[in-house]
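Please keep the sequence and the model side by side while reading this note.

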Amino acid sequence: MNPYQNNKKNDFFVPEVPKNKGEEKKYTLRFVPNLHNPHHVPIAERHRHYDVGDKSIICPKFSANQSCAICEYIDQQRKQLTEACDVHKISKGDFKRQSPDVPSKIEQIPEINKLWLSYKDLYSKKRGYISLIVRGEESQGVKFWSVGAKLLENIIDRIIAAEGMVDRYRGYDALIKVKNIGKFFNGRPSPEIDFQFDAFGERKAILPGKPPEEIDALIETVKDVSSFAPIPTYEETQAVLNEYLVWFEKKINSSKREPAVA
Ligand SMILES: [Zn+2]
C-alpha cells in the first residue's frame, strides 16, 4: 500500500498570512516532480480568463494551444476598435483621462467606448500549479501551490538558473517568507512573498533518509493538474462567451440609464 495515497488533509498549500502588518511567516517547501507534466517538471501552467462577466474559465489557447472562443472574440473586437479609431482619428493617448473627473476622448464616443469596454478585461492571465511537500508535514503528502504570473516567473528563473534544483534525491529545499504588507485583494490579505531555493543548504532527497522506493511512491501520488483545472472545449468557452455577451449588453444599457452625476 502506498502510505502517501490517502492521508491528505487537502490538495492545496495556501500559505498563511500573519495577522499584523510587518509580520512574516516562513515555510520550507520541497518541489516534487509531476509525472503528468512534460519532462516531469513540478510546475504546470494554466492561463485563465478571470473576468468574463461573473464567470472565469481556463483559456484553451494559451494553456494548450487549442481554439478559444473568448480569445477569438478579443481579436475580433480589437480589430474593430482599431478600424473605428482610424475613422475617428483616435490615438493611444486618447484612452487616458487627463484628470480623474474628465472623461477621456474615447469615453465621449459611445461606439469606440463600447468596443473597448467589450474586451479590455477579458485577456487571460497566467497561473502556475506547483506540486510540493511542506517540510514538517511530509505525511500529508503532495499538495499544489497556485501562484500568480509574477511569482511564477521568479520561481522558474531560479529553477533554470541552477541545474538539479529539483532533483528528487539531491535537490534543494525552497524557502518562502510570507509577509503581511497591509495590502488586500478581494477582501483578503495579499502578502509579499519572498521565494528562494536553499542553495546554501545541503542537497537532500525529497524524503531524507527514506529509501528511493518510498520517494517514488510519494511521487506517484501527484495528481494531474488537469484533474482540477481541465482544459475546456471550444464549445465550453463559447457558452461562457455567450453568457458574457448578454451580461455585457445589460451592463452597458444600465450604465446609460444612470443619472448624470452633477
Ligand atoms: Zn482564450
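1. Which residues of helix H3 are buried? The model is a predicted one. In H3, which covers residues 110–119, the buried residues are Ile-112, Leu-115, Trp-116 and Ser-118. Viewed down the axis of H3, these residues fall within an arc of 160°, so they line one face of the helix.

2. Two packed helices are described by an angle and a distance, both taken between their axes. For helix H2 (residues 69–87) and H3, the angle is about 155° and the axes are 9 Å apart. Angles over 145 degrees count as roughly antiparallel, and H2 and H3 are therefore roughly antiparallel to each other. The crossing of H2 past H3 is left-handed.

3. On the H2 side, the contact is made by Tyr-73, Ile-74, Gln-77, Arg-78, Gln-80, Leu-81, Ala-84 and Cys-85. H3 contributes Glu-111, Ile-112, Leu-115, Trp-116, Ser-118 and Tyr-119. Sorted by class, the contact of H2 with H3 has 9 nonpolar, 3 polar and 2 charged residues.

4. Asn-65 is not a glycine, yet its phi is positive, about 60°. Asn-65 sits in the loop between helix H1 (60–64) and H2. Is Asn-65 buried or exposed? Asn-65 counts as exposed because it has 9 C-beta neighbours inside 10 Å, and the cut-off for exposed is 12 or fewer.

5. Asn-186 also has a positive phi, near 55°, and is a residue other than glycine. The loop that holds Asn-186 lies between strand E7 (184–185) and strand E8 (188–189). With 5 other C-beta atoms within 10 Å, Asn-186 is exposed.

Key. Residues numbered from 1 in each chain as written. Predicted model: local features only at pLDDT ≥ 70, side-chain atom pairs only at ≥ 80, totals over all residues. Buried ≥ 20, exposed ≤ 12 C-beta atoms within 10 Å, placed from the backbone. Helix = DSSP H or I, 4+ residues; strand = E, 2+ residues; numbered from the N terminus. Arc of directions from axis to C-beta. Axes fitted to C-alpha atoms, helices over the stretch in contact; angles between N-to-C directions. Parallel < 35°, antiparallel > 145°, perpendicular 65-115°, else oblique. Left-handed = near helix turned anticlockwise from the far one by under 90°. Contact = placed C-beta atoms within 7 Å. Nonpolar A, V, L, I, M, F, W, Y, C, P; charged D, E, K, R; others polar.
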